[in-house]
Amino acid sequence: MKPQEFAGKTLSQARALAARYGFTEGGFVYISGGLCVLRFEVKP
């Protein structure tokens, strides 16, 4: 499985970006400093 990651300054920005690419359910949230990252596992 290949991970797909989306980042934003806030969690809502990262979720909005992920939704633009069709990723809306699940995912892991990483918060590092001033950056929120959503990671989704993509099945081939």
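How many helices and strands are there in the protein chain? I looked this up first. I found one helix and three strands. The model is predicted, and I kept that in mind for every entry below.

**Entry: order of elements.** I read along the sequence and noted the pattern β-α-β-β. The helix, α1, covers residues 11-20. The strands are β1 at residues 2-8, β2 at residues 28-32 and β3 at residues 35-42.

**Entry: the sheet.** I asked in which order the three strands lie in the sheet. The order is β1-β3-β2, the sheet is open, and the pairing is antiparallel. I noted β1 and β2 as the edge strands, since each pairs on one side only. Neighbouring strands of this sheet are turned by 25 degrees against each other on average, with direction ignored.

**Entry: β1 with β3.** I looked up the bridges here and found seven, in the antiparallel sense.

**Entry: β2 with β3.** Five bridges join these two strands, which run antiparallel. I checked two partners: F28 is bridged to R39 in β3, and V29 is bridged to L38 in β3. The two strands form a hairpin with two residues between them. In the turn I looked at G33, where phi is positive at about 65 degrees.

**Entry: A16.** I picked a residue in helix α1 and took A16. Is A16 buried, exposed or partly exposed? A16 is partly exposed, because its relative accessible area of 42% falls between the limits of 20% for buried and 50% for exposed. A16 and F40 are 24 residues apart along the chain, and their C-alpha atoms are separated by 14 Å.

**Entry: whole chain.** I turned to the totals last. The C-alpha trace spans about 30 × 20 × 10 Å along its principal axes. The protein chain has 44 residues, and buried residues make up 18% of them. The chain exposes about 3,400 Å², of which carbon and sulfur atoms supply 55%. What share of the contacts with a separation of 6 or more comes from residues 24 or more positions apart? I noted 53% for the protein chain.

**Entry: recap.** My notes give a β-α-β-β chain with an open sheet in the order β1-β3-β2. β3 has seven bridges with β1 and five with β2.

Methods. Residues numbered from 1 in each chain as written. Predicted model: local features only at pLDDT ≥ 70, side-chain atom pairs only at ≥ 80, totals over all residues. Heavy atoms only, no water. Helix = DSSP H or I, 4+ residues; strand = E, 2+ residues; numbered from the N terminus. Buried < 20%, exposed > 50% of the residue type's maximum accessible area, 1.4 Å probe, protein only. Contact = heavy atoms within 4.5 Å. Areas by Shrake-Rupley, 256 points an atom, 1.4 Å probe, with all protein chains shown as cover. Pairing = 2+ DSSP bridges. Axes fitted to C-alpha atoms, helices over the stretch in contact; angles between N-to-C directions.
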